[in-house]
Amino acid sequence: MYGEKVMDHFENPRNQGTIEDADGIGEVGNPQCGDIMKIYIKVSDDIIEDVKFQTFGCGAAIASSSMATEMIKGKPVKEAWDLSNKAVADALEGLPPQKLHCSVLAEEAIHKAINDYRTRNGLEPWEETGGHSHHSN
Amino acid sequence: MTGDNRFIYMDNAATTPARKEVVEAMLPYMSENFGNPSSLYGIAKKSAEAVDNARAQVASAIGASPKEIYFTSGGTEADNWAIKGAAFANRDKGNHIITSQVEHHAVLHTTEWLEKQGFEVTYLPVDKYGMVSPEDVREAITDRTILVTIMMANNEIGTIMPIAEIGKIAREMGVLFHTDAVQAAGHIQVDVNELNIDMLSISGHKFRGPKGTGVLYIGKMAKIDPLMHGGAQERHRRAGTENVPGIVGIGKALELAVAEMDSESKRIAGLRDILIQKILEIPKTHLNGHPEMRLPNNVNVVFEYIEGESILLMLNRRAICASTGSACSSKSLDPSHVLMACGLPPEIIHGSLRLTIGHDTTEDDIDYVVENVRGVVQKLRNMSPLTPPELRE
Ligand SMILES: Cc1ncc(COP(=O)(O)O)c(C=O)c1O
Ligand SMILES: [Zn+2]
């Protein structure tokens, strides 16, 4: 059902764990599927210096968390915000159609973590632009 | 045992490999003995005799008479035929059917379809072990009830239903009783007369017979309409040229399974008990299904804080085949209706694992499975945001 890339990230997840003194934390859950994802970020000079994840969920959810954290690590916060679930799925060389909604969680958890970081620092939270929620695929 | 191409198959409730004796018995009926049992010449007679022989094998395995055995294309067809056939044949008597919330979809999707045709269906609840109460059956019967259909043993959690009691109640109240014995036949003793069963479904591939083969037992008292219309096969009740090799296969497989049942079920139940005991040593792990009234081959547990599809994927990487009730592994994204009916919350159901033991399972396999399940559960718990600190490593 899953390709080799997905299985690699699933079996050897990158950036798994927590950050004790995180600058932002985002937790999202999808009760329909039973996936819950928590993202911790450490930001300095507007760069995602470190990122860790914890995931309860299926193979697609775990692999998406791993891939998404790898894709935003070392990137400017705005660039991390713009990471789409489609880009994550593409980087994983595709997910089965019924599993695309699991990869949306990674995008949503990153957004929550970034806005947590922004509010903690007295900044306005960014608005979700929509169009990339579960319902669109 | 875990050499390069070997894998440990722990999904024997899904299907089993056909045994050697069965394949050998079937082979001649694909080529040299290819005759149509309905024809009159010599090789056709051989086919007809083979079908008769299989009918006698099945009849004796369940305490029926050969006249009461009808071959079908599998468990699904047998369930559909029994339920739709009884519903339409007894429409003048009533339109009410009683079943349970934990039946296989072959039953539930059939009764749901009948609801659209104007029938009324009661879906009885189960207790936390997945057991239907016979008294609930009695109370649900009205003067409009034409059929009770309750499975003999559950395919997910292995719970064996109080079929003798339910059969007795249905018989006393004059209502037809069908049971889906797909997981029971060949694994536990089945006697249609002792259990007051009017109709009973069997599937060949669950006891080392061929896939696409099944049986519906129809007792003399049961009046039901055909599902398949066409030729005069199966005494005008199930049309279609007989699947002669398949029929030979299911007959042989059931005969052998029943002959070996005492020793084989004892051995398999012994492995099951070791497996359950060792897996329950993992903290925050619970057994699903009944602790005693349970199929010999079935182990079903839930691990808190983790999800079933990822458990299966990791086990698969370790050459272990298993199954789960998690929503994320199903195409429908619905968590198991059986575990829901047992009262488990969805987040717990997501962490369910079913391991079903078979003829080829050894004690070494059990040790290997336990060791790997333990490791996989820990690996996933370390990854999960839900795991409490004391369970992390
Ligand atoms: C309880 C039960 N009923 C019915 C079926 C359907 O049987 P078959 O696969 O032969 O159609 C199965 C097997 O999947 C089953 O476990
Ligand atoms: Zn998922």
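Author: Two strands pair if DSSP finds at least two bridges between them. Keep in mind that this is a predicted model.

Reader: Okay, which residue of β7(B) does Thr179(B) stand opposite?

Author: Start with the strands: β6, residues 176-180 of chain B, pairs with β7(B) in the parallel sense over three bridges. Across that pairing, the residue of β7(B) that Thr179(B) stands opposite is Leu200(B).

Reader: And on the β8(B) side, which residue stands opposite Leu200(B)?

Author: Here β7(B) pairs in the antiparallel sense with β8, residues 214-218 of chain B, over five bridges. The residue of β8(B) opposite Leu200(B) is Tyr217(B).

Reader: How many of the five residues of strand β7 of chain B are buried?

Author: In a regular strand, side chains alternate between the two faces of the sheet. In β7(B), Met199(B), Ser201(B) and Ser203(B) point one way, while Leu200(B) and Ile202(B) point the other way, and all are buried. The strand is largely enclosed by the rest of the structure, because the buried count for its five residues is five.

Reader: What about ligand 1: how much of its exposed area does the protein bury?

Author: Ser203(B) is among the residues that come nearest to ligand 1, along with Thr76(B), Asp180(B), Gln183(B) and Lys206(B). A nitrogen atom of the ligand sits 2.6 Å from a side-chain N or O atom of Asp180(B), and an oxygen atom of the ligand is 2.8 Å from a polar side-chain atom of Gln183(B). Taken alone, ligand 1 exposes 390 Å², and the share of that buried by the protein is 85%.

Reader: Which helix gives the largest share of the shell around ligand 1?

Author: By class, that shell has two nonpolar, eight polar and three charged residues. The largest share, three residues, comes from chain B's helix α3.

Note on methods
Residues numbered from 1 in each chain as written. Chains lettered and ligands numbered in written order. Predicted model: local features only at pLDDT ≥ 70, side-chain atom pairs only at ≥ 80, totals over all residues. Heavy atoms only, no water. Buried < 20%, exposed > 50% of the residue type's maximum accessible area, 1.4 Å probe, protein only. Helix = DSSP H or I, 4+ residues; strand = E, 2+ residues; numbered from the N terminus. Near = heavy atom within 4 Å. Polar contact = N/O pair within 3.5 Å; in protein donor to acceptor, adjacent residues only side chain to side chain. Areas by Shrake-Rupley, 256 points an atom, 1.4 Å probe, with all protein chains shown as cover. Nonpolar A, V, L, I, M, F, W, Y, C, P; charged D, E, K, R; others polar.
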